[in-house]
Amino acid sequence: MFRDLSSGLRQLVAPKSGAGAGVVMGGGANQQTPTLGGASAEGVAVTDSRPAEELGLPELLAEDFATHDRDLLAPGFWAVAAHRVGSRAANVEARPARLALEAAYKMASTGIDWIWGIQLPRTVELGRRVRLWHNGCMLLTARSIGNDVHIRHDTTFGPARGTEGTPATLPIIEDRADIGSGACVLGGVRVGHDAVVGANTVVLKNVPPHATVLGVPARMIPT
Amino acid sequence: MSGAAGGESGESLGKALPEGDENANPRGISMAALLAEDFRTHGRDPLSPGFWALAVHRFGNWRMDFKAKLLRAPLSLIYRGAHQGMIALWGIDLPYNAKIGRRFRIAHHGAVFIGSREIGDDVTIRHSVTIGLKRKTERLAPIIGNRVEIGPGACIVGDIRVGDDSFVGANTVLAQNVPPGSTVLGVPGRFIDPARELERSPAEPPSPKS
C-alpha cells in the first residue's frame, strides 16, 4: 500500500512520460517557437523553452509560483497548480494513489471554481509561465494555451455556438498572447503569438501573430 | 467575487418586476417534478451552481403558496438566506419574482443578474449575463421568449422583448426589441447573419512573422 503510494507520488512529480495518458493533447498545437527575448514575470530573459510536460512537478510549480509574484494568495497560482497536478494524476499507475489524486483534484478544482470562479479544465494543454491576473468568471476551456500567456478576469475560452463537444472547435492561444479582461475567444480559432486581445472583445475569427484586436466582434486596430 | 452585478438591483428595480405575491413557477407541474426537470437540465450535476440557484428561485416562488403569514415567515427566512448565499458564493442573483419558465439553464456561474419580467421555456444563459433596467428612472425590465440563448457577458436592458429562438452573442449590449429567430452581436447589439459571422475557414497555421 505504502509502496504503491510512494511510487505513485514519484510518478506524479516526475516529468510526464510521453503521450497516451488519457489526457487530451491538442496534436502539436504548442509549437516550439524560438523565444524572442520573451520575458518572465520578473523581467528575466527566458531561454528555457522546454514544454511543460518535460519538467518535474516541483520545478514547474516553483516556476508558476514565481510567475504569480510569489503570492500564496494569488488565485491564479492555485488554479494553475491544480491543473498541473490534475493533468499528471491520470499518469499515475498505482490505483489507490491515482484515485486519491483524482479525488483531491476534483475537490480542489471545484473549490477554485466556486470560490474564485476560475475554471481551467485539466484537458487544456497548458504552457509554462501562464499568468492568471485577478479572478472571477474565468472559463478557460481552450484546446491549448501557450507559454507566457497572460489572462485577466472574466475571460471566456470555449466553443462557439452550436459546435460544442469536439476538441477541434476549441480555441488555441499561442505563446505570449495577452488577453484583456472580459474577452471571449470562441470556436476553433487561433490567437497568434504575441497578439493582444483587448478588453471585452469577442474573437470569432483567427487573430494573426502580433496583431491587436478590439471590439464586438473583434476588429484589428493599428498599434 | 462578483457581487457588483447584484449590488444595485434591489433598490432600483422597484416595480419593474412582478409583485411576487404569488407562486410564479410554471403551471401544471408539481414542485418535485419541476426540480427534477431542472436537475436534468443542468446535466444531473449536484455540484452545478446553476441548478442550486434555480432551485432557490423555485423554492422562493413555491413558498408564496402558503398564504398564512406565520407559516410562510420561516420559509421566507430560509429563502432569503439561501438567495444571499447564492450571491456571495457564486455571484448568481436570481430574484424569485422574476418569472422563469421551464428548463432554464445557467450554464456557468458568476456575475449573473436576472431581473427580467418574464423568461420563456428552454432558455440558456452563461456567466456575466445581466438582464435588468436600462437606467434608474425607467421602470420596465425585458421579456425573454422561448428557446433564447444568451452568451457570456451579455447585457439585456430596458422595456424590450427578445423573440423566440433568438441568440444574443457574447458581450452584446441589447436595448432594443428583437424579432423571433434573430442573432444579435455587438455593442450596441446589431443584427447579424450567423452564417456569415460565425462560419469561417478552419484555423489556419500561423503565418511566421519576424
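# A guided tour of chains A and B

In strand β10 of chain A, select Leu186(A): this residue is the bridge partner of Gly158(A). The model on the screen is a predicted one, and the tour begins at this pair.

**The sheet of chain A**

Now display the whole of chain A. Its secondary structure comprises 4 helices and 15 strands. Of its 223 residues, 50% are buried. Chain A exposes about 9,500 Å², and 61% of this area is supplied by carbon and sulfur atoms. Among contacts in chain A with a separation of 6 or more, 44% are between residues 24 or more positions apart.

**Two salt bridges in chain A**

Select Arg190(A) and Glu174(A) and show their side chains. They form a salt bridge in which the closest N and O atoms are 2.8 Å apart. Arg190(A) belongs to strand β11 (residues 190-191), while Glu174(A) sits in the loop between β8 (172-173) and β9 (178-179), so the pair ties together parts of chain A that are 16 residues apart in sequence. Both Arg190(A) and Glu174(A) are buried.

Select Asp194(A) and Arg176(A) next. Here too there is a salt bridge, with the closest N and O atoms 3.0 Å apart. Asp194(A) is in the loop between β11 and β12 (196-197), and Arg176(A) is in the loop between β8 and β9; the pair links parts of chain A that are 18 residues apart. Are these two residues buried or partly exposed? Asp194(A) counts as partly exposed because its relative accessibility is 21%, whereas Arg176(A), at 14%, counts as buried; the cut-off for buried is under 20%.

A search of the whole structure finds 0 disulfides over all chains.

**The sheet of chain B**

Move to chain B and select strands β2, β5, β8 and β11. These 4 strands form an open sheet in the order β2-β5-β8-β11, with parallel pairing. The edge strands are β2 (99-100) and β11 (161-162), each pairing on one side only. Strand β2 of chain B pairs with β5 (residues 118-119) over 2 bridges in the parallel sense. One residue pair to highlight is Lys99(B) and its bridge partner in β5, Glu118(B).

Select Ala98(B), which lies in the loop between β1 (92-93) and β2 of chain B. Ala98(B) counts as buried, because its relative accessibility is 0%. Leaving out residues up to four places away in sequence, Ala98(B) touches Leu17(B), His57(B), Ile114(B) and Ser116(B). A C-alpha to C-alpha line drawn from Ala98(B) to Ile119(B) spans 7.9 Å, although the two are 21 residues apart in sequence.

**A buried salt bridge in chain B**

Select Asp38(B) and Arg58(B). Their side chains meet in a salt bridge, at 2.9 Å from N to O. Asp38(B) is in helix α3 (residues 31-41) and Arg58(B) in helix α4 of chain B; the two are 20 residues apart. Asp38(B) is buried, with a relative accessible area of 0%, and Arg58(B) is buried with a relative accessible area of 0%. Over all chains, the count comes to 18 salt bridges.

In soluble globular proteins, nonpolar side chains tend to be buried together. Select Phe104(B), Ile125(B), Ile150(B), Ile156(B) and Val162(B), which touch the most other members of the largest nonpolar core, a group of 34 residues. Helices α4 (49-62) and α5 (69-90) and strand β4 (112-114) of chain B each supply at least two residues of this core. Apart from this core lies another, of 30 residues, including Ala79(A), Ile173(A), Val189(A) and Val207(A).

Finish at Val162(B). Leaving aside neighbours within four places in sequence, its contacts include Ile143(B), Val148(B), Ile156(B) and Leu174(B).

Key
Residues are numbered from 1 along each chain as its sequence is written. Chains are lettered from A and ligands numbered from 1 in the order in which they are written. This is a predicted model: local features need pLDDT of at least 70, side-chain atom pairs count only at pLDDT 80 or more; totals for chains, interfaces and linings use all residues. Side-chain values use heavy atoms; hydrogens and water are left out. A nonpolar core is a set of buried Ala, Val, Leu, Ile, Met, Phe, Trp, Tyr and Cys residues joined through side-chain atoms within 4.5 Å. Buried means under 20% relative accessible area, exposed over 50%, partly exposed in between (1.4 Å probe, protein chains only). Contact means heavy atoms within 4.5 Å. Two strands pair if DSSP finds at least two bridges between them. Accessible areas come from the Shrake-Rupley method with a 1.4 Å probe; for residues, only the protein chains shown count as cover. A disulfide is a pair of cysteine sulfur atoms within 2.5 Å. A salt bridge is a side-chain nitrogen of Lys or Arg within 4 Å of a carboxyl oxygen of Asp or Glu.
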